[in-house]
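Thanks for coming, everyone. Have the sequence and the structure open on your screens. I'll take us through in a few minutes.

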Amino acid sequence: MNDRKDIIIAETLTGIGQGELAGYLCHAYCHQGTCELVFNQNTYRLAGGDCLIIRRGDLVESVSESEDFRVDAIYVTPEFIEISTPYSNYGMKGQLALFNNPVMHLSAEQQEVCVLDVDYIKSRLALTTHRFHRDAMINAIQCLIIDLFDFHASLYGNERISSQYADIMERFLTMLERGDYRQNREINYYADKLFITPKYLSEVCKKVSGFPANYWINRFTVLDISRQLRNRKQTLTALADYYNFSSPSYFSRYVQKYLGVSPSGFRE
C-alpha cells in the first residue's frame, strides 16, 4: 500500500526528485533571491516573482540557491495531481511547454494570485482534523492548477486543442515516458501503436507542442543517454546494445549528432 503523503510543503528546492521527493511534481513560487537549476540539460534561473513547475524531478541535475532565496515549494504525487486537475485539454499544451522551460515570469497581478493559492494550500493542509480534509485539499490544489493554466495561457497563448489531439499526444508521451525509445526510435512504431499514420502523428505533435514527433522521440532518447553516459561503468558497446543501435559506431554518430560531442568526449 502506498503510504506516501499526497502533498509535501518545503522551503527549498534542494532534493527535488530525490529521496522522499522522488516521483513528486513540484510547483514552486519564489518570493525573493535567486536559484539556478539544471533541468532537462539546460540551466534556468528562478527569481522573485517567478513560478516553477517541474513534472519530472528526475531531470533536475543540480540546484544552487542564493543565501536570501525564499521559496514555497509544493510537492504533489502524480496520483493526487490527476484527481485534482480539472478537465481541460490545455493541460497537455502546458505540460509540453514546461518540459522545455519550467519557469514562468509572472506579472504583479499574477504574483498576488499565486501567493494566495499557495497560502491557501498551506493553511488547508494544516487543518488535519477537518472531516473532509482530502476533498478540501483537492479543491485547493485545483485552484492552483486552474490559475497556472491561466498564467501560462496569458503568457503563451490560449490555442484550443481538440480532445482527439490531446488523447493522441498523451498516449504518445506515455510510451516515451515508459522508455519505448530505448528500443524504438522510428515514428512508424508509435504511429502503429496509435493506429494512425506517421504523418498524422507528426501533425498532431506539431499542433499541440510546436514540434514534430521525431523531436520528442530524440529528446527523450538524448536525455536518457546523457544520464547513462555519466555511469562510467557502462561500456559504449553495452550502451549501444541497450539502446538497440546496430553497432557502437552508429551509437557514437547518434550521440555526436544530438549532443554535439562523442560519447568518450562527453565523459571527459
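Start with strand β7, residues 70–76. Of its 7 residues, 6 are buried, so the strand is mostly covered. Keep in mind that we are looking at a predicted model.

Which strands does β7 pair with? Strand β1, residues 7–10, is joined to β7 by 4 bridges, and the two run antiparallel. Look at Ile-9 there: its bridge partner in β7 is Ile-74. Strand β2, residues 25–32, also runs antiparallel to β7, with 7 bridges between them. On that side, Tyr-29 stands opposite Asp-72 of β7.

Now the nonpolar core. In general, nonpolar side chains tend to be buried together in soluble globular proteins. The largest core here has 56 residues. Which members touch the most others? They are Leu-13, Tyr-75, Phe-172, Leu-176 and Leu-201. Helix α8, residues 213–229, supplies the largest share of this core, with 8 residues.

Take Leu-13 as an example. Leaving out residues up to four places away in sequence, Leu-13 touches a list that includes Cys-26, Ala-28, Leu-46 and Leu-52. Val-71, Ala-73 and Tyr-75 are also among its contacts.

On to the aromatics. How many aromatic pairs does a search of the whole structure find? The total is 14. One of them is Phe-211 with Trp-216, edge-to-face, 6.2 Å centre to centre and 90° between the planes. Are these two buried or exposed? Trp-216 counts as buried because its relative accessibility is 0%. Phe-211 comes out at 29%, so it counts as partly exposed.

A second pair is Phe-245 with Tyr-250. This one is edge-to-face as well, at 5.3 Å centre to centre and 80° between the planes. Phe-245 has a relative accessible area of 7%, so it is buried. Tyr-250, at 38% relative accessibility, is partly exposed.

Both rings belong to one aromatic cluster. Its members are Tyr-242, Tyr-243, Phe-245, Tyr-250, Phe-251, Tyr-254 and Tyr-258.

Last stop: Arg-185. Which rings does its charged end sit over? One is Phe-245, with the charged end 4.0 Å from the ring centre. Another is Tyr-254, at 5.9 Å from the centre. Find Arg-185 on your screens, and let's take questions.

Key
Residues are numbered from 1 along each chain as its sequence is written. This is a predicted model: local features need pLDDT of at least 70, side-chain atom pairs count only at pLDDT 80 or more; totals for chains, interfaces and linings use all residues. Side-chain values use heavy atoms; hydrogens and water are left out. Rings of Phe, Tyr and Trp (its six-membered ring) pair if their centres lie within 6.5 Å; planes under 30 degrees apart count as stacked, over 60 as edge-to-face and the rest as tilted. Buried means under 20% relative accessible area, exposed over 50%, partly exposed in between (1.4 Å probe, protein chains only). A charge sits over a ring if NZ of Lys or CZ of Arg is within 6 Å of the ring centre and within 35 degrees of the ring normal. Two strands pair if DSSP finds at least two bridges between them. A nonpolar core is a set of buried Ala, Val, Leu, Ile, Met, Phe, Trp, Tyr and Cys residues joined through side-chain atoms within 4.5 Å. Contact means heavy atoms within 4.5 Å.
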